[in-house]
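Biologist: I would like to learn how to read a structure like this one. Could we go through it together?

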Amino acid sequence: MTQRTFRFGIIGCGLMGREFASAAARWCHLLDLDVRPEIVAVCDANPDAMGWFTANVPSVRMATTSYAELLADPEVEAVYCAVPHNLHERLYVDIVRAGKHLFAEKPFGIDLRACQSILAAMRENPEVFVRCSSEFPYYPGAQRIARMIEQEAFGQIIEVRAGFLHSSDLDPNKPINWKRRIATCGEYGCMGDLGMHVLHMPLRAGWRPKNVRALLSKVVERRPDGHGGMAPCETWDNAILACESVQGFPLVLETKRISPGDTNTWYLRVVGTENSAEFTTHRPKTIRTLPYKSGGHQAWQEEDLGYEGVFKGITGHIFEFGFADAIQHMWASFLQELSGGVPRYGCATPEEALGSHRLFTAALESQRTDATVALE
Ligand SMILES: NC(=O)c1ccc[n+]([C@@H]2O[C@H](COP(=O)([O-])OP(=O)(O)OC[C@H]3O[C@@H](n4cnc5c(N)ncnc54)[C@H](O)[C@@H]3O)[C@@H](O)[C@H]2O)c1
């Protein structure tokens, strides 16, 4: 099968840029795809960050500290941009105006105003295709729940809970970084950092929050500044958002950076009158469901799933699916849609990112006013 190649530039060569390059390097893992990425240019303000790319990605022809230079290269058709949140608006707008397709990182602008400005640039350049990163829905367990949502398998939905929990910030001696500062991470803190991951599936299901009562907390107030002193941590560490969905059922969303024991725990739990389902990356191959008929037993059942992602791969069905696979399936979904195909589960859209911003902005107001805040 001939594959249409899209030539990519990467701006921001940190953790996630390398994940994309690794997924692209093993693209032959996926079968039946008529599209593939090729990384031809990389950019980082820190020249050292590009060394891994120039050493490991032979297709890279340009390595520059100037993103304007990367955008001026006619070879580059699409850009993956993974930079701190304060840079999203300027860089995403410039990428879109340069006519390059964009795979953006969350939260898609440091605040609601920045997000709206990126969407305005998109409206002026409708030929540019833009999506936002969110990989966890590509786990087979999450996809099972997506199918159950499509099939309306839950009966009347009683409650939905979704969350993303980390614990690396439990260590008070971990030095401060850009994610603890309002100027670089945004006032949302953990919500901006983790919230798009939590909201992608609920928003795709049409479970929009009608209102929110937020409980935001700062757990570690100060951290080593890396120069022998201490610096204040300005952003929220943990957030619990209790929402009423437009459908009327409770939608409880958690984003936590300080959740002892949780390394990278993303979960979704849907409870309904005819079926319930739960998937968590804490047990990454297991889906739990509880089908129920009037008068019948109420028993959770567990099924271990193999490699049954959105795309067929060389990995046999009996083997496990992991984080690197979820990243690769997310990228395959982006490329499939970019080339005009209809993906089985599309990447998070800019409108979904806007929905997340409306919620986080209302959550900040809820915290400030100690009250429930209406969204629509
Ligand atoms: N999807 C995910 O699972 C996931 C995971 C982590 C981070 N992220 C997101 O990715 C983005 C980056 O986060 P990170 O953790 O990779 O940060 P990082 O600090 O590891 O990497 C950011 C890189 O951007 C570079 N940079 C800064 N200013 C620049 C400029 N003007 N031009 C070019 N490069 C510049 C920095 O030098 C750094 O190498 C954020 O939006 C974050 O929320 C997503």
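Biologist: Which residue in strand 13 is the bridge partner of Gly163?

Modeller: Gly163 has Tyr267 as its bridge partner in strand 13. Keep in mind that this is a predicted model. That bridge belongs to a pairing between strand 7 (residues 157-165) and strand 13 (residues 265-272), which is antiparallel and has eight bridges.

Biologist: In what order do the nine strands of the open sheet come?

Modeller: Read across the sheet, the order is 16-15-14-13-7-12-11-8-17, with mixed pairing. At the edges you find strand 16 (301-304) and strand 17 (373-374); each has a single partner strand, so one side of each has no neighbour in the sheet.

Biologist: What does helix 10 lie across?

Modeller: Helix 10 (residues 350-369) lies across strand 8 (209-217), strand 11 (238-245) and strand 17. With strand 8, helix 10 makes an angle of about 55°.

Biologist: Now helix 9, please. How far apart are its end C-alpha atoms?

Modeller: They are 23 Å apart. At 1.5 Å a residue, the 16 residues of helix 9 (residues 323-338) should span 22 Å, so the two values agree.

Biologist: Why is helix 9 described as largely enclosed by the rest of the structure?

Modeller: Because 12 of its 16 residues are buried. Among them are His329, Trp331 and Phe334. The elements covering the buried residues of helix 9 include strand 1 (4-11), helix 1 (15-25) and strand 2 (35-43).

Biologist: And which residue with a positive phi follows helix 9?

Modeller: That is Gly340, with phi near 95°.

Note on methods:
Residues are numbered from 1 along each chain as its sequence is written. This is a predicted model: local features need pLDDT of at least 70, side-chain atom pairs count only at pLDDT 80 or more; totals for chains, interfaces and linings use all residues. Helices (H or I, at least four residues) and strands (E, at least two) are DSSP runs, numbered from the N terminus. The expected span of a helix is 1.5 Å times one less than its number of residues. A residue is buried if 20 or more other C-beta atoms lie within 10 Å of its own, exposed if 12 or fewer, and partly exposed in between; C-beta atoms are placed from the backbone. Two residues are in contact if their C-beta atoms, placed from the backbone, lie within 7 Å. Two strands pair if DSSP finds at least two bridges between them. Axes are lines fitted to C-alpha atoms, for helices over the stretch in contact, and angles run from 0 to 180 degrees between N-to-C directions.
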